[in-house]
Amino acid sequence: MSIFRNPFDSSKRLRGCSCGAHASEAEHRRAEAVERADEGIYRRVVESAVMRAIFPEDASRRAFLSAVGSTTASAALASAFPIGAATEAFAQGAPLEKKALKVGFIPITCATPIIMASPMGFYAKQGLDVEVVKTAGWAVVRDKTINKEYDAAHMLSPMPLAISMGLGSTATPFVTPAIENVNGQAICLSMKHKEKRDPKDWKGFKLAVPFDYSMHNYLLRYFLAENGIDPDQDVQIRSVPPPEMVANLRADNIDGFLAPDNIVQRAVYDGVGFIHILSKEIWNGHPCCAFAASKEFITQSPNSYAALLRAIVEATAFASKAENRKQIAEAIAPANYLNAPVTVLEQVLTGTYADGLGGVKKDPDRVTFDPFPWESFAIWMLTQMKRWGQIKGDVDYKKIASDVFLASDAARAMKDAGLVPPAGTKTIAVMGKAFDPSKPDAYVASFAIKRT
């Protein structure tokens, strides 16, 4: 099974490496490393299944392995069972309804797994020909996905909830089978505000977020309100597409923004802004962006959907490892992806970064990648939609969350990749305040500043 000879039209082939499928020899080597690692995962999964079939009891299985050793056991299985063929069949999955797919994305580091899965071979490994399409703004991503111009998309994690409820668009059932990134945002202020580090001094500020239905909007509002600033009365919060934020800061159209870290770090790199706080200082472990698709797509093309999800989950697992971050930064830096200096992306992904105030900080968890879409994440987002008047009336928090955030699909894809899905519940605390997803209405009522 080789994913590195281009299986598509020869006119699409690149000429930068020995096999003709990659832009450079370095990219070719990275893709080979991914393939070797993934084939190892699939082989271990198949071998484990065969072992369990031969030795159903744990004790007998352990005794056999202890007696002969794992290497000998693997060789014995291979001699009696077509492990290689089964591994390839397992990796390929069921026949795909569609191989050529379009996936929209916004050029931010939050989309790292969705973007890198293209140049680093994760989609091709699943038999997919995925075109990742750079898109101007979130409303465009939403509309193109609803209109089926995109098969699936990189979205802000609250967007599938909003789309499903008809907030800001025609109600269309959407799902979130995977979270893309955890943390990875920051509040950036204009250099002229270096002496205004107390949010109480921000009255009259014009602040930007990427979209109304975004974690950025909810985290910024939460932060301001906890510091006694009414986000609707004391400041102006406007939606600005991430690629336009630095230019707006430079032009003095805004005083700051809460945005993805590559946008923040670019403001620092250009000398027009500084990092006030990282978003993880508001809520450490918060979700941000997600992989999203319509229920229609996953119903009509279930095998293509499953293959797409497997590719993204595996890419997310690869991105979660610190040792892979520099090569990922190089892979996603080109103009057709993030169009950013590699040094900016390395500062974001490695967590060693300039703060814009003369300091260099180190935080390996500045951004992390974890695909599991906890329902409690969705319930928290819904409480903030309710708090700020985006949702009117009663809300069936549990049903909406379980309909949209597909934890079972994520768990299945993780198991297919030889990963272990998380168990139990997710503890959530925002600025020191615990969140109980079983009592969402009480949580909303507990805030002094709200619109309900």
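In this predicted model, strand β1 (residues 100-105) runs parallel to β3, and the two pair over 2 bridges. Within this stretch, Gly-104 sits opposite Ala-153 of β3. Strands of a sheet pair through backbone hydrogen bonds, either parallel or antiparallel. Zooming out, β1 and β3 belong to an open sheet of 5 strands, laid out in the order β2-β1-β3-β11-β4, with mixed pairing. The edges are taken by β2 (129-134) and β4; each has a single partner strand, so one side of each has no neighbour in the sheet. From one strand to the next, the twist averages 30 degrees.

Next comes helix α7, which spans residues 138-146 and has Trp-138, Val-141, Arg-142 and Thr-145 among its buried residues. Looking down the axis of α7, the buried residues fall within an arc of 95 degrees, so they line one face of the helix. After α7 comes Lys-148, with a positive phi near 70 degrees.

Finally, there is Asn-336, in the loop between α14 (325-332) and α15 (342-350). Asn-336 counts as partly exposed because its relative accessibility is 45%. Setting aside neighbours within four places in sequence, Asn-336 is in contact with Phe-105 and Lys-134. Asn-336 and Lys-134 are 202 residues apart along the chain, yet their C-alpha atoms are separated by 7.0 Å.

Note on methods. Residues numbered from 1 in each chain as written. Predicted model: local features only at pLDDT ≥ 70, side-chain atom pairs only at ≥ 80, totals over all residues. Heavy atoms only, no water. Buried < 20%, exposed > 50% of the residue type's maximum accessible area, 1.4 Å probe, protein only. Helix = DSSP H or I, 4+ residues; strand = E, 2+ residues; numbered from the N terminus. Arc of directions from axis to C-beta. Contact = heavy atoms within 4.5 Å. Pairing = 2+ DSSP bridges. Axes fitted to C-alpha atoms, helices over the stretch in contact; angles between N-to-C directions.
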